Amino acid sequence: MFRAALRLSVSGARSLTRSRPQYTASVAARSYSHGKQETDEEFDARWVTYFNKPDIDAWELRKGMNTLIGYDLVPEPKILEAALRACRRLNDLASAIRILEAVKDKSGPHKEIYPYVLQELQPTLNELGIPTPEELGINKA
Amino acid sequence: MEMLHLTAGRVAGLLSRRGVAVFSTSGVKMASHGGVTEQTDMSVPLYCDRLDTPLPDRPYKDTLSAADKSLKQKEKGPWNSLSKEEKLALYRIMFNETYAEMKKPTGEWKTVLGGIFFFIGFTGLVVLWQRYYVYPPHPRTLDDEWQAMQVKRMLDMRVNPVEGFSAKWDYEKGQWK
């Protein structure tokens, strides 16, 4: 949902094609790039699977998070939940808090995204005992 | 190709303000001997505070005190049993600045603006000194007295009498039209 909102604000060919009519070919034939275009759901599923790897190591967690934050989107709560659980498996509370900070920063001027994400993640945060940056008082310099 | 000596200072200069802070040199000895400062070892993973890199290559503190080590052990258990201070301590072991601290305004603009005004002011002083010590003497043809005589001569000569200079002078009344 947030990805669509952000993508529409980015002047890229990808966002323009969202309003174009769907082709009925089995391989989605867009006229702006070659190959099949990954849907939002496929993107989310791929990242959830990445973080859900049971024996994920610390490097993979870092690499995954840094790459994900590098994209022009705010990750869906389900991806973040998988990432937080990966932090738990790696016994890394600090990184879990850092991930929440990064999400807030990624939202940029869209102030409604971060509270929504926290709301969606609340059960996971409570279960794992992850404090929000606000609870620790580190949201203000 | 000139080899790029990537000193910490040089890197800090190249990086822009947004999203980036200076690479921390914690854990790397900056001891100086014989007047030569040691350069950051770029062959090992470095820590950095960057908005676009939430999880740096290594923790901020890599030499842990006994208290830190026992806290790290406690981290392996349920996090609900950690107090707020412990959670904060774990964060600070791993990271240097929080996102809020990274994004804090620096007030650098005041230094920049102040520097600009200072140097403009200094330049003004240089120009002023120049006016009194460098410029040659004032030409006498620019004195009011000389200019008046010049205007009178131009009118007597009927310079541009149709549409220009002398056309604007009323010869009967002896004044400008």
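How far apart do the end C-alpha atoms of residues 112–132 of chain B lie, and how much of the span is helix or strand? They lie 31 Å apart, and the span is 100% helix and 0% strand, with helices (H or I, at least four residues) and strands (E, at least two) taken as DSSP runs numbered from the N terminus. The unreviewed UniProt entry annotates residues 112–132 of chain B as "transmembrane region"; such positions are given in the numbering used here, feature names are shortened, and annotations may be inferred rather than shown by experiment.

A word on the ground rules. This is a predicted model, where local features need pLDDT of at least 70, side-chain atom pairs count only at pLDDT 80 or more, and totals for chains, interfaces and linings use all residues. Residues are numbered from 1 along each chain as its sequence is written, chains are lettered from A and ligands numbered from 1 in the order written, and side-chain values use heavy atoms, leaving out hydrogens and water.

On to confidence, given as pLDDT (the predictor's confidence in each residue, from 0 to 100).

| Chain | Average pLDDT | Residues with pLDDT of at least 70 |
|---|---|---|
| Chain A | pLDDT 85 | 77% of residues |
| Chain B | pLDDT 86 | 81% of residues |

In chain B, helix α1 (residues 8–14) is lowest at a mean of 50, while helix α5 (residues 108–133) is highest at 97. Over residues 8–29 of chain A, pLDDT is below 50. For the complex, the predictor gives an ipTM of 0.76 and a pTM of 0.69.

Now the interface. Here 31 residues of chain B are in contact (heavy atoms within 4.5 Å) with 29 residues of chain A. The two chains bury about 2600 Å² between them, 61% of it from carbon and sulfur atoms; buried area is the accessible area (1.4 Å probe) that two parts lose on being put together, summed over both. Leu55(B), Trp79(B) and Tyr99(B) supply 30% of the area that chain B buries against chain A, more than any other three residues.

The rule finds two salt bridges across this interface, each a side-chain nitrogen of Lys or Arg within 4 Å of a carboxyl oxygen of Asp or Glu. Lys103(B) forms a salt bridge with Asp105(A), with the closest N and O atoms 2.5 Å apart.
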